[in-house]
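Here are a few exercises to work through with the model open in your viewer. Try each task before you read the solution.

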Amino acid sequence: MDFKEGEILYIDKPLKWTSFAVVNKLRYHISRKMGVKKIKVGHAGTLDPLATGVMIICTGKATKRIEEFQYHTKEYIATLQLGATTPSFDLEKEIDATYPTEHITREMVEEVLKKFIGTIEQVPPVFSACKVDGKRAYDLARKGDEVELKAKTLVIDDIELLECNLPEIKIRVVCSKGTYIRALARDIGQALDSGAHLTGLIRTRVGEMKLEDCMKPEDFEQWLDKQDIKVTND
């Protein structure tokens, strides 16, 4: 393996890890193994700390392919709690409002989900990495500043209702780059004349790469020890 020339690694991001922490861990082990101080390592698409699943990690010259991977279609399994919202649209923040759910039926959920398939406009969450005047939205939101983000156009190829145990539902979402599943949860809650937030999120696929083909970060060092690694001294 030639990490400097560029390798693509597929990792299953653990719960509560930041995407940056995954990159850091891999960079540490690769540079240590190669005996170099620095090696380029980057990821092709952030996953929130409370999400798990497929992360594509690029090394060396392969970091030039990051944008290409970001445009690949992604698939998620999302668990939504209906009847309550949080400022972050997931479990990062405490519940800030509750809403009725007695009127919601499985048929109603299925009808509402269909409305989100296709080209849609979505306002990103304020607790996100979107930039406002050069600053990350989540940095401003955590300081308590007022953050206003513009709607973005994106494509949702498919939404499937996997489980309906009201007030909880589980859905499979196939979507384009830039889709915030947390924001989708918010919008589904509103469309159901209620509220909703994410209680679980797994990225199960990026392009052709599936979750079952990914390596766990804790197994990476052992895997690395078994590889034939090219070391270039320049």
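A residue counts as exposed when its relative accessible area is over 50%, and as buried when that value is under 20%. Keep in mind that this is a predicted model.

**Exercise 1.** Work out which residues of helix α3 are buried and which are exposed.

*Solution.* Start with the inside: across residues 106-114, the buried ones are Val109, Val112 and Leu113. Now look down the axis of α3: these buried residues fall within an arc of 100°, so they line one face of the helix. The general rule behind such patterns is that an α-helix has 3.6 residues a turn, so residues three or four places apart point the same way. Then turn to the other side of α3, where you'll find Glu107 and Lys114 exposed.

**Exercise 2.** Find what covers the buried residues of α3.

*Solution.* Look for heavy atoms within 4.5 Å.

**Exercise 3.** Check the radius of gyration of the protein against that of a compact globule.

*Solution.* First, take the chain length: for 234 residues, a compact globule would come out near 17 Å. Next, compare: the protein has 19 Å, which agrees. Finally, buried residues make up 47% of the 234.

**Exercise 4.** Count the charged side chains and say how far apart the centres of the two sets lie.

*Solution.* Tally 36 positive and 38 negative side chains. The centres of these two sets are 8 Å apart.

Conventions
Residues are numbered from 1 along each chain as its sequence is written. This is a predicted model: local features need pLDDT of at least 70, side-chain atom pairs count only at pLDDT 80 or more; totals for chains, interfaces and linings use all residues. Side-chain values use heavy atoms; hydrogens and water are left out. The radius of gyration is taken over C-alpha atoms; the globule rule is 2.2 Å times the number of residues to the power 0.38. Buried means under 20% relative accessible area, exposed over 50%, partly exposed in between (1.4 Å probe, protein chains only). Lys and Arg count as positive and Asp and Glu as negative; His and the chain ends are not counted. The place of a charge is taken as NZ of Lys, CZ of Arg, CG of Asp or CD of Glu. Helices (H or I, at least four residues) and strands (E, at least two) are DSSP runs, numbered from the N terminus. The arc is that of the directions from the helix axis to the C-beta atoms.
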